[in-house]
Amino acid sequence: MVEAAASAIAVEAYKDGRSIFGYVSQKIDYADDFKVNFEKMNEQAKMLYARRDDVEAEINKNKMKRATKECEGWINRVKAAEQEVLKLESKYKKEIVHAWRYARFWSRANLSKHMAKKREELQVLLEKGKLDNGVVAERSPEPVRVIDAPSTEDKPSLHWAVEEILGNLRERNIKRIGLWGMVGTGKTTVMQNLNNCEEVKKMFDIVIWVSVSKAWSIEKVQDAITQRLKLKLEGGVNAVETAQLISNELEGMRYLLLLDEVWDPVDIHEIGIPNHDKDSKVVFASRFRDLCYDMDADELVNMKRLSNTDAYKMFEEKVGRTMKNPSIIPIAQLVVRECAGLPLLIDKVARVFRKKDNIHLWRDGLRSLQRWPSINIQGMDEVLEFLKFCYEDLDGEDKKVCFLYGALFPEDFDIFVDYLMECWKAEGFLHSIDLFRDARDKGHNILHDLINVSLLEKSAMKRHVRMNKVLRNMALKISSQVLDHKFLARTCEGLKEGPKEEEWASASRISLMDNDLCSLPAAPNCTNLSTLLLQRNYNLMMIPDGFFLSMQTLKVLDLHGTAIASLPPSLSCLTDLRALYLNSCTRLIQLPSSLEALVHLEVLDIRHTGIISLPIQVGSLTRMRCLRMSLSNFGAGNPVSKVISSISLLEELIIDVDPNTLWSDHVMRTITEEVSTLTRLTSLTFSFPKVECLEIFVRSSRLWKDLSFTFQFSVGTCNSVKYHILDYFEYELCKYLKYANDEGIHPVISEVLTQTDVFELIDHKNILSLSDFGTENLGKLRACSVEGCKDIICIIDGTVATPRAFEWLERMVINNAPSLHCIWKGPVPVGSLGQMTSLTLCNCPKLKKIFSNGLIEQLSELQHMSVEECYEIEEIILETENPCLDSRTLPSLKKLVLHDLPKLRSIAPDDLLIWPSLERVDIASCPSLLKLPFTEKNAINLRSIDAEQSWWSTLVWQDDAIEQRFRSFCNFI
């Protein structure tokens with residue numbers, strides 16, 4: 001034992017390079033200072049801990065700041081030193097207990113040495129605790145700065161916009177999103193909810209909110225961003241240098257920039273926002289649709305007004321306790337209706353009504369609101385000024401008068417765009433443009449601008465627009481203040497008698513449509529009247545003989561849908577009339593000879609009347625540009641003999657033919673020949689009873705192949721004259737062919753198909769596919785419908801197809817095709833069906849394969865797919881037909897409908913697809929489908945599943961969490 005100790009001493013002495021005597025002497029000194037070194041170490045530690053506590057107190061005092069990196073490192077080193085001191089203290093206490101043992105001498109000396117060194121380390125650490133660079137610094141910006149805002153989640157008609165934008169944010173290729181809509185629709189609320197969204201917080205490192213406003217500048221926007229990023233700018237820094245600082249700070253970060261209230265295009269690169277950051281996005285909100293395009297938006301989201309339910313819910317929340325009175329609820333519902341679904345207006349109105357605590361005040365308030373803006377209501381002037389600014393900001397008087405004209409129609413009424421533009425032209429708003437086609441182009445340009453600034457809005461009905469109640473009220477107030485533009489607009493009021501004589505005399509435009517008028521004044525004094533709209537007064541049976549005597553300035557007269565049986569003699573006074581609408585006047589059996597006095601008449605609509613022949617006087621209307629008529633009630637002879645061909649300037653002609661009326665071949669041939677002589681025709685809608693009549697027109701007319709010529713041709717007899725597939729398109733498709741109840745192939749059909757946008761084939765026999773018409777002839781088709789064709793076995797025969805087929809096709813509808821085996825037979829050339837967005841298959845009982853031969857690889861634009869009553873289909877996507885299936889197949893598909901497919905077992909193989917755009921699934925009567933191709937990782941945008949609850953309970957899932965996720969989207973039926 002003694003030998004071992006001596007050996008250890010010798011080794012240590014050797015290491016220190018000192019003599020054994022010196023080494024032992026030093027150990028004795030450490031042993032003697034054992035207690036002193038412990039006390040000194042403890043004293044130094046207390047001083048260090050006190051400094052540490054002071055530093056932490058300073059950090060905690062500055063809640064808006066954070067500890068510097070240097071400070072954090074120093075505190076961490078103090079904490080580590082504290083643990084080491086505690087260990088040394090524990091060893092010290094053990095040595096004290098055994099102090100009498102001589103054998104402990106060496107360990108006591110070593111411990112004393114360690115405590116002395118630790119004291120020196122603590123002293124150095126205390127010196128560094130002065131933290132010359134400061135204890136705290138500005139905090140790094142938090143990922144999301146929550147904004148106080150009303151939640152949209154309980155208001156679906158508002159929250160859908162949040163969901164729509166979130167879906168776009170999830171798309172990697174979408175970088176910029178524009179949210180647009182009229183003043184007061186809740187754009188700011190949607191943007192605030194995006195800012196606060198938990199999912200957004202996970203998607204981005206930082207969310208930056210900037211309210212741009214009308215008085216914006218680059219410097220103001222930069223200032224808001226630098227404050228959000230907590231960047232310190234030195235004095236004298238210019239916009240270019242600031243942009244570089246912002247860009248440097250954002251480099252490598254995933255950011256979301258939210259720009260609210262954008263009035264003018266903002267160059268975000270000039271502000272300092274990097275252009276090509278892969279995972280970063282920009283969302284901006286504006287009143288102007290075109291501004292979103294100017295700022296290179298990849299996707300646009302149009303704000304809609306609140307539904308009645310959500311509007312009432314918002315009003316109820318803001319009014320509060322007063323709404324608990326059941327007698328007030330019916331009045332409250334009428335109050336909300338006056339707000340037209342605009343959150344801004346609901347808020348203002350609620351602030352007024354929350355002060356009313358009894359039913360009398362509520363009723364009086366409702367009456368006042370119904371008279372607004374003709375009377376002032378507290379808080380409402382601000383709304384009116386907002387809206388009036390939109391009107392005043394229109395660049396051009398033509399746009400202003402076109403907007404005001406919309407107030408002649410009822411609130412939220414679906415206004416047919418073509419009709420509106422005809423009225424605009426008749427009134428002279430389109431600056432005397434002569435050609436009708438040019439006038440329509442000009443009208444569409446004005447309409448685009450009005451929609452762009454949200455003064456008009458697109459209707460749910462295609463090719464229709466609307467004006468909401470609030471904007472209509474504003475337009476009526478503005479018109480009342482202009483001397484020669486006073487409107488008398490009393491629509492949908494149930495009027496049985498017309499307005500007072502003085503009201504007729506002061507108005508320049510009168511609209512009494514959709515009332516119950518039974519009579520009109522004998523001879524109203526209307527020397528300044530330019531428009532008179534009396535349509536759909538179904539009980540109006542007579543117009544007094546002298547009614548039109550003082551209406552020499554009248555330009556638009558609409559009597560359609562009235563019960564008149566004749567037109568009065570004073571019609572001849574309307575020498576400046578440009579548009580006359582008599583359609584659906586079923587009791588009207590003839591046009592008067594005085595019609596020839598309407599020398600400026602450009603539009604005449606006499607469809608669906610009782611008129612049995614077209615009077616010769618119509619041929620004398622040499623300025624006529626647009627004629628619409630029906631042959632349904634016309635006599636057996638030639639009802640239009642020499643009349644149509646006399647109207648040499650005619651540009652647009654519609655001749656409706658009742659499919660149940662049989663006309664002699666001679667009559668139809670004569671009518672066709674007469675129509676083909678028109679040299680100014682730009683648009684023709686006509687029903688050819690036989691292919692031979694179509695051939696006469698095609699061979700005789702030089703116009704139909706002109707690029708600007710548009711047509712809607714119906715060939716053969718069909719139970720419906722409605723062009724169903726056109727309802728799908730927002731814009732007007734120009735060239736349409738419906739071919740029904742025939743057989744085989746006719747060369748003239750193939751020839752017309754070369755110019756056709758939309759083709760409907762109905763109840764046709766003896767063809768096996770559309771390729772029989774010549775695939776090369778179908779190259780311009782954008783929509784195609786096949787219905788009731790019992791012999792068709794495929795739509796396209798790829799064995800005889802051109803290099804590309806259906807290159808521009810957007811929509812395909814196949815219905816009641818009992819022999820159909822597949823859509824595409826043979827190889828599928830690249831580029832075929834590359835533009836198709838909608839596919840509908842219904843009642844195809846022999847169809848087994850939808851996507852054969854790799855067809856699915858071409859459908860990158862497909863957004864809507866519906867498969868119904870196809871009883872043999874077992875798999876929607878067959879892996880055997882698509883062996884190299886990519887996970888991003890069908891990348892654009894948003895809606896999938898599967899109904900009445902009893903043998904369906906699978907939608908897609910092995911959960912392979914990621915369904916990046918899928919939003920809605922509708923499944924019914926598919927009992928064999930026991931598994932959905934959705935997991936916790938795919939279908940991230942799916943938000944709605946319509947299904948039967950009994951079927952849902954039979955489904956097999958990978959785990960319960962996945963089932964719970966998708967159940968939350970279910971609407972059980």
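## The surroundings of K496

K496 touches D516, L517, C518 and S519, when residues up to four places away in sequence are not counted; contact here means heavy atoms within 4.5 Å. The place of K496 is in the loop between β11 (487–489) and α22 (501–506), where helices (H or I, at least four residues) and strands (E, at least two) are DSSP runs, numbered from the N terminus. K496 is exposed, with a relative accessible area of 52%; buried means under 20% relative accessible area, exposed over 50%, and partly exposed in between, with a 1.4 Å probe and protein chains only. The C-alpha atoms of K496 and N537 are separated by 9.3 Å, although the two residues are 41 residues apart along the chain.

This is a predicted model, in which local features need pLDDT of at least 70 and side-chain atom pairs count only at pLDDT 80 or more, while totals for chains, interfaces and linings use all residues. Residues are numbered from 1 along each chain as its sequence is written, and side-chain values use heavy atoms, with hydrogens and water left out.

## A parallel sheet of five strands

Strands of a sheet pair through backbone hydrogen bonds, either parallel or antiparallel. In this model, five strands form an open sheet in the order β4-β5-β6-β3-β7, and the pairing is parallel; two strands pair if DSSP finds at least two bridges between them. The edge strands, each of which pairs on one side only, are β4 (206–211) and β7 (299–302). From one strand to the next, the twist averages 15 degrees; axes are lines fitted to C-alpha atoms, for helices over the stretch in contact, and angles run from 0 to 180 degrees between N-to-C directions.

β4 and strand β5 (residues 255–260) pair in the parallel sense over six bridges, and the bridge partner of I208 in β5 is L257. Helix α7 (residues 187–196) packs on the sheet, where it touches β3 (176–180), β4, β5 and β6 (281–286), and the direction of α7 makes about 160 degrees with that of β6. Helix α9 (residues 218–229) also packs on the sheet, touching β4 and β5, with a direction that makes about 150 degrees with that of β4.

## Two helices side by side

The axes of helix α14 (residues 329–338) and helix α16 (residues 359–371) come within 10 Å and cross at roughly 25 degrees. The two helices are therefore roughly parallel to each other, given that angles under 35 degrees count as roughly parallel, over 145 as roughly antiparallel, 65 to 115 as roughly perpendicular and the rest as oblique. The contact is made by I331, A332, L334, V335 and E338 of α14, together with I359, W362, R363, L366, L369 and Q370 of α16. These residues divide into eight nonpolar, one polar and two charged, where Ala, Val, Leu, Ile, Met, Phe, Trp, Tyr, Cys and Pro count as nonpolar, Asp, Glu, Lys and Arg as charged, and the others, Gly among them, as polar.

## The enclosed strand β17

Five of the five residues of strand β17 (residues 626–630) are buried, so this strand is largely enclosed by the rest of the structure. C626, R628 and S630 point one way from β17, whereas L627 and M629 point the other way, and all are buried.

β17 has parallel pairings with two strands that can be followed in the model. Strand β16 (residues 603–606) and β17 pair over four bridges, and D605 stands opposite R628 in β17. β17 and strand β18 (residues 652–656) pair over five bridges, and here S630 stands opposite D656 in β18.

## An antiparallel sheet of three strands

Three strands form an open sheet in the order β8-β10-β9, and in this sheet the pairing is antiparallel. The edge strands are β8 (415–416) and β9 (457–458), each of which pairs on one side only. β8 and strand β10 (residues 464–466) pair over two bridges, with I415 standing opposite V465 in β10.

## Two serines with positive phi

Phi of S213 is near 70 degrees, a positive value in a residue other than glycine. S213 is found in the loop between β4 and α9, and at 26% relative accessibility it counts as partly exposed.

S584 has a positive phi of about 65 degrees, although this residue is not a glycine. S584 lies in the loop between β15 (579–581) and β16, and is partly exposed, with a relative accessible area of 31%.
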